[in-house]
Protein chains: 2
Amino acid sequence: MAKKQKVEAITPRDEDFARWYTDVISKTEMVDYSPVKGFMVIRPYGYAIWENIQSEYDKKFKETGHKNMYFPLLIPESLLQKEAEHVEGFAPEVAWVTHGGGKELGERLAVRPTSETIICSMYSKWLNTYRQLPFLYNQWCSVVRWEKTTRPFLRTSEFLWQEGHTLHETAEEAQEETMQMLGIYRDVAEQYMAIPMVVGRKSEKERFAGAAETYTMEALMHDGQALQSGTSHNLGQHFTKAFEITYLDRGNNQAFPYHTSWGVSTRLIGALIMVHGDDNGLVLPPKIAPTQLVIIPVAQHKEGVLDKAWEIKNKLAEKFKVEIDDQDGYSPGWKFNQWEMKGVPIRLEIGPRDIESNQCVLARRDNGEKIQVSLDDLDVTVEKLLDEIQNNLFQKALERREQKTSIAINLEEFKENLAANPGFIKAMWCGDRACEDKIKEETGATLRCIPFEQEIIGDGSCICCSKKAEDMAYFARAY
Amino acid sequence: MAKKQKVEAITPRDEDFARWYTDVISKTEMVDYSPVKGFMVIRPYGYAIWENIQSEYDKKFKETGHKNMYFPLLIPESLLQKEAEHVEGFAPEVAWVTHGGGKELGERLAVRPTSETIICSMYSKWLNTYRQLPFLYNQWCSVVRWEKTTRPFLRTSEFLWQEGHTLHETAEEAQEETMQMLGIYRDVAEQYMAIPMVVGRKSEKERFAGAAETYTMEALMHDGQALQSGTSHNLGQHFTKAFEITYLDRGNNQAFPYHTSWGVSTRLIGALIMVHGDDNGLVLPPKIAPTQLVIIPVAQHKEGVLDKAWEIKNKLAEKFKVEIDDQDGYSPGWKFNQWEMKGVPIRLEIGPRDIESNQCVLARRDNGEKIQVSLDDLDVTVEKLLDEIQNNLFQKALERREQKTSIAINLEEFKENLAANPGFIKAMWCGDRACEDKIKEETGATLRCIPFEQEIIGDGSCICCSKKAEDMAYFARAY
Ligand SMILES: [Zn+2]
Ligand SMILES: [Zn+2]
């Protein structure tokens with residue numbers, strides 16, 4: 001009975017994917033809507049996932065020599081205006097502080113939408129000689145970009161992110177850094193979050209405002225829509241010239257450094273939900289789950305059950321993130337559903353008869369399998385199972401993405417594919433903005449990226465204008 | 001020569017303490033002034049210290065069952081106004097967002113000065129039954145409080161902090177939580193930052209706006225001024241009533257929960273600098289230092305020196321935070337001064353002759369001692385030395401505080417002490433606001449706290465009005 005109620009509470013994915021998403025994020029208490037429209041409250045369960053994502057990235061940033069710092073929340077309007085493309089891109093989304101300390105301010109202050117401008121203004125003060133380069137710095141913070149239509153984690157007027165900002169002596173080093181960070185983004189996404197990524201270059205249209213090149217990783221959600229999940233920008237010398245960042249180079253001349261910036265955000269949590277989740281709720285990869293295993297005692301009022309459950313909990317907690325649900329007044333079935341909804345990778349059931357036979361039951365969240373295992377060497381069994389679940393989730397996601405990826409050699413086929421099997425469409429593109437715009441207008445799909453792994457589709461001519469095309473690109477409708 | 005230049009660059013503490021502070025924080029590259037007046041940029045060296053402080057506190061918060069979450073940056077004006085004392089306390093310092101997404105907003109939004117109001121508005125939605133209590137949540141974020149006179153870390157218009165917000169069934173539990181968190185604040189400050197704290201209760205005048213009781217830890221800086229370093233508030237039911245947070249209690253009645261909040265901030269970095277620093281710059285306690293030991297090769301161009309230095313570095317890096325400074329073009333003396341200024345606890349010098357005799361030199365930052373030690377079991381030697389330094393810094397700070405703490409039985413003596421030996425003054429206080437105000441007016445000293453460890457000074461009568469006094473209080477001029 002309880003089971004049924006719980007399952008009915010979440011709208012099935014294929015009935016209404018948007019409602020399924022909203023159901024999952026609110027019923028699992030990951031997130032809530034704040035009193036200010038478009039702003040979200042990240043609740044402890046959602047935030048614990050963010051902390052895990054953050055910690056993996058932060059470790060890798062530091063291993064590659066980056067240090068964290070913190071720049072002010074508020075940026076003077078005049079600074080924002082120094083790089084022309086940049087201000088044009090961001091001005092419409094800015095929240096403005098006009099009053100402080102009981103007075104109207106002389107100059108409006110932008111709540112940071114991103115920090116290139118204020119960081120460059122300080123870098124120009126800090127950098128003197130090539131001996132100081134590279135600058136390899138990052139900050140974890142929140143940014144505000146006013147949005148009309150919002151959805152928690154995916155698009156909100158405020159979100160949490162990190163923004164790396166580096167300076168280099170040569171264009172080559174800046175390009176290497178840009179690619180290195182995209183690589184780190186992909187590694188953590190694939191190896192920890194079990195989300196397969198397509199990586200490549202953005203078209204000029206989709207570039208970051210002020211960038212020479214933007215690189216991206218794109219994931220495919222269960223409903224066939226793409227999600228831009230992390231971007232790494234080679235900013236060339238656009239900002240360093242606009243902000244007059246110069247240094248004495250090895251030849252004793254004044255030079256402008258080369259510049260990169262890169263970011264991932266709480267959006268990744270949205271990807272996690274929409275790639276792995278199912279009709280029973282969240283499904284979390286073990287490496288990123290706040291709880292990897294939950295112990296649910298069965299007939300817990302019977303003598304010895306709770307003692308044994310706690311004994312197992314204390315033992316497993318040495319190696320894994322373990323919870324025990326020994327609340328009174330809820331049936332095991334109700335608890336099963338709760339923790340299933342929360343996406344905990346393994347449920348451990350233990351009752352009087354299990355104890356008698358020195359066994360317990362392990363139930364996998366990813367495929368529903370239940371196995372009876374010995375209590376001896378339970379930690380080894382659990383470790384192996386967590387690995388299997390981690391790998392299985394990635395493989396399943398990869399297969400799903402492949403199933404939802406098709407090729408098209410003309411716009412008819414493009415539209416047919418998009419209707420019959422929504423997902424990525426691989427097609428040749430001549431590089432013209434006009435074709436990119438036309439494809440979007442006719443199909444609703446945008447150019448997600450020009451992947452590093454290229455291939456030639458059909459006879460190699462542009463899907464839109466039939467001119468000879470240089471590049472194959474991924475297209476999709478996107479969040 | 002280089003040595004002299006470096007030392008001259010920092011204003012001596014006793015000549016001008018404020019300038020000494022400014023010199024230290026800028027020359028060590030901990031912090032810089034941002035383009036917006038009153039806002040600071042926390043540079044990597046300063047931020048690394050914050051990360052270490054943060055990580056110790058976060059660990060202890062989690063060990064005591066608290067979870068992190070994230071609430072929006074912007075708070076509607078109407079929410080801020082729901083608790084009368086609170087809005088009165090904070091409104092003058094608020095930064096207001098009036099425009100977003102190219103439009104004027106219907107209601108002004110406050111950049112969070114603290115989050116009680118918005119958090120309570122959500123707690124009222126989340127809490128239904130006593131089964132959910134306690135709520136033990138915390139957030140790490142930045143807050144904005146417009147300030148006229150600012151000094152990096154000590155008082156800035158934006159700072160980084162954590163704010164814990166908890167709900168409890170009973171007044172007793174809320175009081176226990178308030179005291180537990182103050183205890184954690186003190187433990188990390190004393191055991192990791194080596195800063196001795198006086199802990200106690202604030203007077204009504206100095207209480208947090210809306211609190212039933214505010215508890216504080218107060219540290220004494222080198223110049224004899226006090227610094228409020230962390231506060232823990234028992235908020236009673238003020239906010240839970242104002243925000244109509246109710247739940248079904250064990251007796252099946254609607255009840256208001258009891259509420260606490262508590263915070264420490266980047267201010268602690270200011271305390272660290274002003275408690276331990278000396279005329280050569282920063283002095284960092286080993287447990288909080290971003291670098292615990294720096295290796296400086298001497299005659300590094302000579303064969304084998306760099307190899308040996310790196311061998312030592314790689315070995316020690318398994319256990320400690322170690323840097324090696326093998327830059328070309330700088331003399332060892334110049335490097336010594338640089339790292340001394342940065343407050344690194346141990347400097348390891350190694351040159352050709354040391355290598356021959358299987359030795360190296362360890363120089364302590366805290367007392368300048370240099371010892372020659374064997375390269376065998378170097379890790380054991382270093383570990384012992386770091387412990388010694390950690391303890392010595394705390395002991396020295398404690399002794400200094402005791403020297404700068406005096407008692408007074410009348411206002412004359414109070415003023416004399418404050419002039420002759422600025423620091424804490426312990427004196428009896430009747431509890432009247434009028435006396436507190438008069439003491440401040442006549443001496444510039446404020447009531448820092450009524451310590452938990454009480455004693456009777458003189459005949460136990462109020463230092464100001466001579467009425468019988470219940471409490472002994474600590475007074476000091478303060479940052
Ligand atoms: Zn074309
Ligand atoms: Zn009195």
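Helix α3(A) is followed by G65(A), a residue whose phi is positive, near 90°. The helix itself, residues 44-63 of chain A, has 20 residues and reaches 28 Å from its first C-alpha to its last, close to the 28 Å expected at 1.5 Å a residue, where the expected span is 1.5 Å times one less than the number of residues. Helices here are DSSP runs of H or I with at least four residues, strands are runs of E with at least two, and both are numbered from the N terminus. Most of α3(A) is covered, since 16 of its 20 residues are buried; buried means under 20% relative accessible area, exposed means over 50%, and partly exposed lies in between, computed with a 1.4 Å probe on protein chains only.

This is a predicted model, in which local features need pLDDT of at least 70 and side-chain atom pairs count only at pLDDT 80 or more, whereas totals for chains, interfaces and linings use all residues. Residues are numbered from 1 along each chain as its sequence is written, chains are lettered from A and ligands numbered from 1 in the order in which they are written, and side-chain values use heavy atoms, with hydrogens and water left out.

UniProt, in an unreviewed entry, places the feature "domain: Aminoacyl-transfer RNA synthetases class-II family profile" at residues 43-285 of chain A; such annotations may be inferred rather than shown by experiment. The end C-alpha atoms of this span lie 19 Å apart, and the span is 32% helix and 31% strand.

C462(A) counts as buried because its relative accessibility is 2%, whereas C465(A), with a relative accessible area of 32%, is partly exposed.

C430(B) counts as buried at 16% relative accessibility, while C465(B), at 31%, counts as partly exposed.

The structure holds 58 salt bridges over all chains, each being a side-chain nitrogen of Lys or Arg within 4 Å of a carboxyl oxygen of Asp or Glu. One of them joins the side chains of K205(A) and D437(A), at 2.8 Å from N to O. This pair links distant parts of the chain, with K205(A) in the loop between β9 (198-201) and β10 (213-220) of chain A and D437(A) in helix α15 (residues 433-443) of chain A, 232 residues apart. K205(A) counts as partly exposed at 26% relative accessibility, and D437(A) counts as partly exposed at 28%. R365(A) forms a salt bridge with D278(A), the closest N and O atoms being 2.7 Å apart, and here both R365(A) and D278(A) are buried.
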